[in-house]
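Hi everyone, thanks for coming.

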Amino acid sequence: MLEVKGIHFRHQHLEEDVLKGVEFDAVGGEITTLLGPNGSGKTTVFKCIAGLWKPQRGEILFNKKDISNLPYEKRAKMLAIVPQEHEPPFPYSVLDAVLMGRVSHVSLFSSPSKYDYFKAEEAIESVGISHLKEKAYTRVSGGERQLVLIARALAQEAPVMLLDEPTSHLDFRNQVIVLNKIKEIARYKGLIVLMTLHDPNLAMLFSDKVVMMNNGHVISKGFPQEVITEDNLKSVYMIDVSVINWCGKKFICPRINQSKDKIIPAKVRIQMHDKILI
Amino acid sequence: MVLITPFIAGWLALFIGAFNVSPVMVLKILLNDIIQSPYLSNIPERAIILDIRLPRVILAGLVGIALSGSGVTLQGIFRNPLVDPFILGISAGAALGCALSVGFFPQIPVQLTSFVFGVAAVILTYTISSTQGEVSRLPLILSGVIISAFFTAMVSIVKFLVEPHKLQSIVFWLMGSFSLSDWRLVKIAGAGIIAGLLPVFLMRWRLNAMSMGEDEAKTLGVNVRREMIIFIGASSLAVSIAVSVSGIIGWVGLMVPHLVRMLIGPDHKTLVPLSMAGGAAFMIFADTIARSLTDFDIPVGIITAIVGAPFFVYLMKKGGRESWGR
């Protein structure tokens with residue numbers, strides 16, 4: 001179990017805390033999603049858990065042990081991180097890229113062993129991209145590259161996987177493919193999966209628990225249906241939304257503001273208004 | 001294949017030169033000396049091959065390994081294929097060392113001063129960039145530029161002050177040459193360069209993870225600070241030694257790793273050894289041209305650029321955009 005306990009974080013030279021006592025936990029086999037608008041502190045929470053930034057107060061526990069002061073070599077065996085899409089410096093092959101996940105398992109003065117290659121290939125297979133193994137990972141699609149990075153995290157063999165906006169650069173189809181894959185991995189490997197998302201609909205569809213954040217606070221946490229409510233969304237995103245029930249599932253639909261467009265005749269405008277309200 | 005090119009280049013280099021020695025004779029002399037038979041021991045060819053050409057070829061090879069090996073290392077760390085081994089100010093530091101020795105302290109050998117100042121320049125660069133705690137790429141490159149500019153200005157002052165014939169030898173040294181090679185230099189360079197590049201060679205695979213950027217390398221489990229110090233320290237040592245025995249030879253450290261990357265891909269596990277081999281072969285080749293093209297011993301730095309630039313253009317055209325990593 002990963003527990004984040006009342007962490008406060010403030011940048012050097014800045015007056016205000018970015019995180020003001022963030023507290024939640026995440027368990028194995030489940031997807032826990034951090035949801036919130038830009039600037040709500042999701043990414044800061046991630047950087048604190050990853051150990052890149054040190055929170056001034058509070059602790060981060062993994063299986064009841066504080067991990068905030070672990071060196072990177074040890075932390076990497078506990079936490080694997082899938083970064084937001086990045087610009088790769090050199091066109092490594094997919095296999096070489098995934099193999100980098102083994103860096104914490106390979107000693108300083110040696111190269112990866114047969115076992116490390118085996119683990120990398122296993123990870124590639126489990127995300128279903130074996131056919132791309134030899135391809136340069138700069139020349140695969142955005143969705144495939146996200147899967148490569150997920151495979152790299154799997155090769156790390158860590159019980160916790162953090163994904164920072166895994167769908168932010170992907171088209172509709174790839175968003176669904178990648179999130180389904182993440183869910184499958186969480187279920188079968190029993191990993192603690194923690195991810196951040198922008199889109200409340202995707203959070204509703206794919207997460208087991210949702211932690212909604214705004215302005216450095218946790219506003220609400222729990223099951224998606226309980227957290228992603230009209231009231232919460234309105235207060236966090238400051239727009240008008242409706243949560244629609246359909247076939248036992250809930251969908252979020254923003255209400256479109258159309259009162260200021262003068263070109264549309266009044267009659268038509270009222271008709272459109274009615275439609276959307278349904 | 002690339003791994004044996006230095007030996008082919010070395011063998012070719014041994015029989016090419018102002019004094020003609022047949023390829024067969026070269027092999028005979030080498031073999032004879034290995035089994036230490038007295039036969040052939042007093043012919044002039046033997047002295048030319050063993051005391052003049054062989055140390056020169058080996059030294060050129062070693063310097064090629066040092067420049068290209070540290071070039072590929074720094075390109076990986078700085079995530080930029082356009083970085084060369086002199087980016088942290090080594091060349092400017094070494095140049096000042098040379099200028100001071102030639103200009104004002106002729107009793108101290110050029111090799112020593114250029115080495116000391118080369119290393120000092122890197123240490124200064126590193127210290128300046130780490131004033132804010134963490135050492136990261138952009139501050140390092142910027143400090144390298146600052147240190148280079150400063151030391152270059154100092155070199156200019158020395159050049160301005162010294163007598164013309166001393167100025168000439170400073171300028172000549174700065175162009176890079178192997179004309180002073182002997183076995184003593186081979187031993188110094190060999191020890192320093194091997195000591196410097198051994199950790200780089202052993203840790204080469206980790207450059208893959210390092211090249212993903214600092215934060216990502218950290219989350220993958222790399223102790224970025226420690227490994228950055230090892231990589232930069234080790235390659236700086238090798239380059240400083242190389243510069244101290246041969247002067248400033250440009251292009252090799254930038255170009256050879258780039259060429260090898262175009263040919264075999266970016267995986268540092270194979271890229272590093274092959275860049276080293278390619279650097280050795282290229283340097284021996286360039287030096288052979290430098291000493292045999294005309295009756296003069298042309299500074300090899302000129303040859304590396306003249307030979308390198310067009311070849312580079314050719315490969316660039318052939319490889320197209322892909323080979324640039326995009």
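This is a predicted model: local features need pLDDT of at least 70, side-chain atom pairs count only at pLDDT 80 or more; totals for chains, interfaces and linings use all residues.

Let's begin with chain A, which is divided into domain 1, residues 2-238, and domain 2, residues 239-278. The C-alpha centres of these two domains of chain A lie 34 Å apart. Where they meet, eleven residues of domain 1 are in contact with eight residues of domain 2. On the domain 1 side, α7 (200-206) and α9 (230-237) of chain A each supply at least two residues.

Now over to chain B, and a helix pair. How do the axes of α3, residues 44-77, and α11, residues 224-246, of chain B cross? They come within 9 Å, at an angle of roughly 150°. An angle over 145° counts as roughly antiparallel, so that is what α3(B) is to α11(B). Their crossing is left-handed. Among the residues making this contact are B:L59, B:V63 and B:L67 of α3(B), with B:M228, B:F231 and B:V239 from α11(B). The contact residues divide into 13 nonpolar, five polar and no charged.

One last stop: helix α7 of chain B, residues 164-175. At 1.5 Å a residue, its twelve residues should span 16 Å, and the end C-alpha atoms are 17 Å apart, which agrees. Just after α7(B) comes B:G176, with a positive phi of about 85°.

Thanks, and I'm happy to take questions!

Key:
Residues are numbered from 1 along each chain as its sequence is written. Chains are lettered from A and ligands numbered from 1 in the order in which they are written. Axes are lines fitted to C-alpha atoms, for helices over the stretch in contact, and angles run from 0 to 180 degrees between N-to-C directions. Helices (H or I, at least four residues) and strands (E, at least two) are DSSP runs, numbered from the N terminus. Angles under 35 degrees count as roughly parallel, over 145 as roughly antiparallel, 65 to 115 as roughly perpendicular and the rest as oblique. A crossing is left-handed if the near helix is turned anticlockwise from the far one by less than a right angle, and right-handed if clockwise. Two residues are in contact if their C-beta atoms, placed from the backbone, lie within 7 Å. Ala, Val, Leu, Ile, Met, Phe, Trp, Tyr, Cys and Pro count as nonpolar, Asp, Glu, Lys and Arg as charged, and the others, Gly among them, as polar. The expected span of a helix is 1.5 Å times one less than its number of residues. Domain bounds come from an automatic or database domain assignment.
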